[in-house]
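Open the model in your viewer and get ready to select residues by number. We will go stop by stop.

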Amino acid sequence: MFPERRLRRLRKRTMQPLFQETVLSRDDLVAPLFIDEAALAPAEIVSMPGQYRYPLTMIAEVAKEIAAAGIHAVILFGIPARKDAGGTEAYNPEGVIQQAVREIKLAVPELVVITDVCACEYTDHGHCGIVGETPCGPDLLNDPSLELMAQIAVSHAKAGADIVAPSCMLDGMVMAIREELDCEGYEDTAIMSYSTKFSSALYGPFRDAADSGFLFGDRTTYQMSPANPREAFLESELDLKEGADILMVKPAGMYLDILQSVCSLGLPVAAYQVSGEYAMIRAAAANGWIDEKAVALESLLAIKRAGADLIITYYARDAAGWLK
Ligand code: PBG
Ligand code: ZN
């Protein structure tokens with residue numbers, strides 16, 4: 001008999017798990033949450049069916065449900081009631097995220113709270129930081145935006161965030177945030193950097209959800225080209241050197257090669273299955289064209305197989321149920 005046939009039969013007799021190389025579990029999942037400062041009731045996000053913007057008054061309740069489902073961490077995104085050019089609401093101690101973090105840590109102290117550190121939900125122009133004239137027209141200004149990011153990160157740490165996750169890929173961003181956190185006494189607050197974030201067309205539904213579309217230009221001057229794997233690896237390596245604790249590849253499913261290479265750096269790596277990836281599975285399933293549970297779990301298993309330690313996914317709550 002061919003040895004591969006013997007192995008297949010052995011596998012069948014002894015049940016799959018004994019030989020299963022990759023195991024997806026609830027321990028891998030991080031649930032994203034949208035909190036809307038102006039909302040009074042949860043509102044379903046049109047382009048992300050099954051996902052909601054929650055009012056602050058409900059957030060402790062939702063966090064309890066998530067923890068009860070066996071999920072260990074959430075990542076928070078805020079929709080402020082007021083926007084301005086400087087994104088000042090992003091570091092307001094009474095801002096939407098700062099309030100949400102306090103509520104969640106009070107209600108479920110064991111739930112790890114990660115906060116997205118960026119300004120695009122808070123600026124009236126929709127860009128991720130401070131905008132000004134550059135030789136190529138109006139665009140994001142790197143250095144003035146660094147200070148803003150450090151200020152936002154410290155305000156989240158003060159509120160009780162366990163991990164801050166800067167998402168705008170500015171040069172020197174991790175170092176600037178690390179210095180400010182240490183200087184303010186938050187040496188234990190970890191940094192999960194969106195270290196390799198592609199300029200992807202898959203963020204569309206998120207921009208509806210978080211109301212963070214931009215009025216001019218695009219994000220190609222600070223996000224990665226999907227065509228450049230070596231540059232993508234270098235970006236993550238730089239963040240490691242600047243002091244990041246956890247790296248990230250985003251989106252996930254179409255970038256498994258990048259994920260695998262970034263994992264070789266040795267730090268924990270998060271993969272972000274983004275809004276467009278969720279919306280595509282959801283929409284095809286709603287049409288009866290694919291089996292939602294099977295495809296969603298297959299997509300998450302593939303991300304795990306490529307090496308991810310953490311998977312940020314809008315399927316977190318469903319998957320936690322399916323994986324019980
Ligand atoms: C903020 C941010 C974005 C996402 C996460 N953090 C939007 C963007 O870069 O435009 C996208 C997540 C998703 O699509 O699910 N900078
Ligand atoms: Zn942003």
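Is Lys304 buried, partly exposed or exposed? Select Lys304: at 21% relative accessibility, Lys304 counts as partly exposed. The cut-offs: buried means under 20% relative accessible area, exposed means over 50%, and partly exposed lies in between (1.4 Å probe, protein chains only).

Before moving on, note the ground rules. This is a predicted model, where local features need pLDDT of at least 70 and side-chain atom pairs count only at pLDDT 80 or more, while totals for chains, interfaces and linings use all residues. Residues are numbered from 1 along each chain as its sequence is written, chains are lettered from A and ligands numbered from 1 in the order in which they are written, and side-chain values use heavy atoms, leaving out hydrogens and water.

**Stop 1: salt bridges**

Side chains of opposite charge can pair when their charged atoms come close. Here a salt bridge is a side-chain nitrogen of Lys or Arg within 4 Å of a carboxyl oxygen of Asp or Glu. By this rule there are eleven salt bridges.

Asp28 sits in the loop between helix H1 (3-13) and strand S1 (29-36), Lys304 in helix H10 (residues 292-305), and 276 residues separate them. Helices (H or I, at least four residues) and strands (E, at least two) are DSSP runs, numbered from the N terminus. Asp28 is buried, at 8% relative accessibility.

Next, select Arg317 and Glu65. Their closest N and O atoms are 3.6 Å apart in a salt bridge. This pair also links distant parts of the chain: helix H11 (residues 316-322) holds Arg317, and helix H2 (residues 59-68) holds Glu65. Arg317 is partly exposed at 31%.

Now pick Arg178, Asp182 and Asp245. Salt bridges link these residues in a network.

**Stop 2: strand S12**

Select residues 269-273, which form strand S12. How many of its five residues are buried? Five of the five are. Val269, Ala271 and Gln273 lie on one side, Ala270 and Tyr272 on the other.

Three bridges join S11 to S12, and the two run parallel. Strands pair if DSSP finds at least two bridges between them. Find Met248: its bridge partner in S12 is Ala270.

Finish with strand S13 (residues 310-313). Four bridges join S12 to S13, again in parallel. Tyr272 has Ile312 as its bridge partner in S13.
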